[in-house]
Amino acid sequence: MQRRNFLKNISAGAIAPSMLGGLGMGMQSTSPWQKMIQNFLVETDHVLVMVRLDGGNDGLNTVIPLDQYDKLAVVRDKVIIPRNQILDLDGHPTVGFHPSMTEMRNLFNEGKLSVIQSVGYPNPDYSHFRSTDIWMTGADSDEILSSGWMGRYMNYEYPNFPNGFPNADVPDPLSVELGGTLSLTFQGPFAGMGMSITNPNEFYNLVQGVQSSAPNTPAGKQLEYVRRIAQQSNDYGQVLLEAYNRGTNMGTYEDTGLSEQLKIVARLISGGIKTRVFMVSLGGFDTHDNQVVEGNHTAGEHARLLSQVSKGISSFMNDIEQQGFADRVTGMTFSEFGRRVISNFSNGTDHGSAAPMFVFGTQVKPGILGTNPIIPLDADEDTNLPMQYDFRSVYSTLIKDWFCVPQNDMEGIMLQDFQYLPLIDSSDCVSTATHELNQRAGDSLISASPSPFTSSTNIKFETAGGRTLVQVFNTSGQLVATPIKGTYQKGTHEFYWNSENLPAGTYYLRLQNGVFQQVKPIVKVR
Amino acid sequence: MNRRSFLDFFKEKKTKNESSHDFLSKAATLEKGSEKQEAFSIPMRPPIIAGLEPYTGTWGVKQISHLLRRTTFGAKYADVVHFKGKTVAQSVEELLTPSTTPLDLPVNDYNDSDKQDPTVPFGKTFIGAEWDEDIEGTRIWSLKGWWLRRMINQERTIEEKLLLFWHNHLPIQFFDIFRVNWNFEYMQTLRTHSMGDFKAMIKAITIDTAMLFSLNGQQNSKEEPDENYSRELQELFCIGKGPNGKYTEEDVQAIARVLTGWRYLWNDDIVDFVDWAHDTDDKQLSSFYNNAIITGRSGAAGANELDDLLDVIFDNNEVALFICRKIYRFFVYHSIDAETEQNVIEPLAEVFRNSNYQIKPVLDKLFKSAHFFDASNQGAVLKSAVDYQVGLYREFNIPLPPDGELSDTYEITSFMNFYLEEFQQSIGDPPNVAGWPAYYQIPLYDKNWVTTDTLPKRLRLTDIMIINGIPSANYAYPLDVVETARQIPNVEDPNALIANTVEWLYGIEVSAGVKLVLKSILLSGQLTDSYWTVAWVEYISDPTNPMKLETVKSRLVKFYYYLIHLEEFQLS
């Protein structure tokens, strides 16, 4: 028996729709035909999946510097992994993986996973909360930023969001975070740039219709926020549900939180969702104690967590490869810090600094970036690993090479110029019209006033110049008029359209101009 | 499928070291941004002129409900009526008076055909019982259910709300501790001090068994100092990491050494100071603490270093400011502008220091103040999950099964606890040592409660509660809509019912359009007010007539359904 089914049954049983007389139950209807013309542009956008290891992952027991092993065995004797249990990597005799990471080791050997050594930032902060904020915003250690790095990228790519979203060009959530809350990573300068879900298979209509206008008071602002969330839940909940139902999974996933989350991500992508960034997370990495089992260091909390990460990523890769869209998807792991070089008294490790990151996918440049950290034999509680790479270099590189953002625009997103790293194959980063579309998404390019109208209405449209087409379709998708067809100068134009011969009802205005197209409903009444 | 297996399913989900928080993530955060950005992401309010001077304005349903929503869970209408006969000062004083009813102990209400507590008989308390790996998780669920019952059945006192405040401020995770006795003791530690001496509370929590295990005090020794508790004592419990929280990494390390030696002793089942684990060297603190030195003491006297340390920490002005800001954010509004800092936080901190860190005078000053009742502060908070759920129970008079029906009560509270987890606020198990993000994460704060994930879930739960009620094997109580309406003055007049209900239930006005919808529900779309009046009067004159009951009930169900589904209901 599934808990979800139970809940679904009980809600279904509890609510007799007739009893509520349709109150608040009206679904927004969109004709299938309208959906079709809205989706005729096929995008093959790249997708980034972020895997968050919450709590500070112990890098030195994850990617183990074998040439430092003897020193590690001394300074972190309470957690050291027996040498003969460490997983070897093809072609890299001095680096090994934790024994729970068989699947990730295989991915590495197949060239589908790479390691970046000692990633951190200058002047590390040892507070979980502050360091998490730093990793999510891309701030300097002593700098406070109010937006997330991904939120800033999305704001660059979709500057109109949330006004006019969702729309025909960008119908899907910009980003999706699995879990109940949307993290700072996705906080844009002006709005949260994503959606948090735990199960896309649940849809609940939230919009009731009649509203009071929100007063300009603190309570009014909160009310506006709740309404926006309700609207987004409705708008995006439906598209997520549809994508989820269209999508599928291949291969098997284990029944753990992280695998379940990755499975949902794969299924949404498979279902054609155009969301470009996903975040999944696994907590519990704050292994101050019982990181390992005394007397059996390959068991314990950390081993359990790494096994979940390894199996989750591997199942996900297997799934998306079998389904044939692996080339569009890249993933990365991150954690707010690594752990202390020395082990503590409780078979664990305390907060540390730099630690390795993983990047996975068929398009990664395989191998290991950077060198093994050097372990001092006299390491004490103040000893922390120096960083080799700034985490923001990884972010910058992914934005540039995976999301194909021109170098000139990078500083506006990352706020500084960070080192570029050879992480990923950027060869299919050809300039596309998609970016231009995204930039204008949410703009109103065509409108009619009045609407509803009786016989004629004034139609206003905006063109970027060149060939421009305005068509009118009826609800069955038949073209009933083409009032504008020709070459126009860049700017806003206006014309008077007389519809006398058409029966009353809903029609769709469609503007086409270069890569832009926009569809707006208009209503003719008697 | 049966309900019992459903309950077991999610009970078993939780075993030691398998916390549910894998799936949670820390929510959106930020400190302060540029003005422009804040204008969008943080609702800036116009400065509130009113400060801590006593509130002398209107004392009506609106103000009383505001006070009750913030200091209890939901504004129970009977409480509104009660306080209407008192002054502001009397009301606040009553709310700040602890209940004198002796605390009932949680009991075994979970034994069933598949699960038996090996040592505790059904109906007897498991507090004090021997730890048992197989049943401990069930006992913890039962403790959480007991906690929820106390919230639902609370008397007219702030106690339960304050307990939640302190649990959020000084958190542990019950399923991480996995010993129901220690969890219960921890709750008692907080409850004992919740309105008392904050310094004493910090001392008590520092050497509380659960806290010693939660933040590794148990492993802290002179050979291997563990700085986990030391860091959080400063960062999260006393000083904060704000712009003026300038303690250093060296302070973290030095204070860890001060705290060495406090141990839970397994054989004696007590926490005590053991000098063999204590670092007897002097501990030098930074200039943030005026370069204070905690003089190393040996033998049993080493225990006194904790008092020396707290003296040094509490000498710092930041402590009172930090706690007063936290109280303000929890009870009043999430954002503190310069005026509020100056007119409210600083004088409150002064009250706190002058009373030697007594908590009650601070609350007393705040809740009686003109600032607290300022119109700008009403409705300006988004309901936490507990506010929402427990509030529904209290505002709509939903009973729990009768006393003695232990299994049914356990089933229902387990269901509620499951939902609280879905709403991101599992009592007893906050996501991390900073508590729930909604109480601390700038700039979203309480907006974290209401997301695209949790908002639909809140309303799904509501739907269950409105029509059917959360079910157990033998009971299911839906919202008691008729009894709820009956309390409202002039209930027979649809206009009065609407106006009075909105004033009581919402911290914000609604438009004439919304009132029209509400009225059309009561009148089934007709236009004559007396249709409702007649229906109500007929029901009252013949209350056992099922037809007449159904006539008013079916309309009221839709009426409250609509009110609860409006976004306004999410405001507190």
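Some housekeeping comes before the tour. Residues are numbered from 1 along each chain as its sequence is written, while chains are lettered from A and ligands numbered from 1 in the order in which they are written. Because the model is predicted, local features need pLDDT of at least 70 and side-chain atom pairs count only at pLDDT 80 or more, whereas totals for chains, interfaces and linings use all residues.

Chain A splits into domain 1 (47-436) and domain 2 (444-524), with bounds that come from an automatic or database domain assignment. The C-alpha centres of these two domains of chain A are 44 Å apart. Where they touch, domain 1 of chain A gives 4 residues and domain 2 of chain A gives 4 residues; two residues are in contact if their C-beta atoms, placed from the backbone, lie within 7 Å. On the domain 1 side of that contact in chain A, you'll find 2 nonpolar residues, 1 polar and 1 charged. Here Ala, Val, Leu, Ile, Met, Phe, Trp, Tyr, Cys and Pro count as nonpolar, Asp, Glu, Lys and Arg as charged, and the others, Gly among them, as polar.

Now hop over to chain B. Its assignment gives domain 1 (158-315) and domain 2 (481-570). Between the C-alpha centres of those two domains of chain B there are 53 Å.

Next, look at how helices pack. Helices (H or I, at least four residues) and strands (E, at least two) are DSSP runs, numbered from the N terminus. In chain A, helix H9 (residues 257-270) packs with helix H10 (residues 301-323) at an angle of about 15°, and their axes are 9 Å apart. Those axes are lines fitted to C-alpha atoms, for helices over the stretch in contact, and the angles run from 0 to 180 degrees between N-to-C directions. So H9(A) and H10(A) are roughly parallel to each other: angles under 35 degrees count as roughly parallel, over 145 as roughly antiparallel, 65 to 115 as roughly perpendicular and the rest as oblique. The crossing of H9(A) and H10(A) is right-handed.

Which residues of H9(A) meet H10(A)? They are Leu258(A), Ser259(A), Leu262(A), Ala266(A) and Ser270(A). Across from them, H10(A) brings residues including Val309(A), Gly312(A), Phe316(A) and Ile320(A). Sorted by class, the contact of H9(A) with H10(A) has 6 nonpolar, 6 polar and 2 charged residues.

Chain B has a helix pair to set beside this. Helix H10 (residues 198-206) of chain B packs with helix H14 (residues 304-314) of chain B at about 135°, with axes 11 Å apart. That angle is why H10(B) is called oblique to H14(B). The crossing of H10(B) and H14(B) is right-handed. From H10(B), the contact uses Lys199(B), Ile202(B), Lys203(B) and Thr206(B), and from H14(B) it uses Leu306(B), Leu310(B) and Phe314(B). That makes 4 nonpolar, 1 polar and 2 charged residues in the contact of H10(B) with H14(B).

Most residues other than glycine have a negative phi, and most peptide bonds are trans. In chain A, the peptide bond from Phe161(A) to Pro162(A) is cis, with omega near 5°. Another cis bond runs from Phe165(A) to Pro166(A), with omega near -10°. Pro162(A) sits in the loop between helix H7 (149-157) and strand E6 (175-178) of chain A, and Pro166(A) is in the loop between H7 and E6 of chain A too.

Is Pro162(A) buried or partly exposed? With 18 other C-beta atoms within 10 Å, Pro162(A) is partly exposed; a residue is buried at 20 or more such atoms, exposed at 12 or fewer, and partly exposed in between, with C-beta atoms placed from the backbone. Leaving out residues up to four places away in sequence, Pro162(A) touches Ala191(A) and Arg228(A).

In chain B, Asn290(B) has a positive phi, near 55°. Asn290(B) lies in the loop between strand E3 (283-284) and strand E4 (293-294) of chain B, and is exposed, with 10 other C-beta atoms within 10 Å.

How values were computed
A crossing is left-handed if the near helix is turned anticlockwise from the far one by less than a right angle, and right-handed if clockwise.
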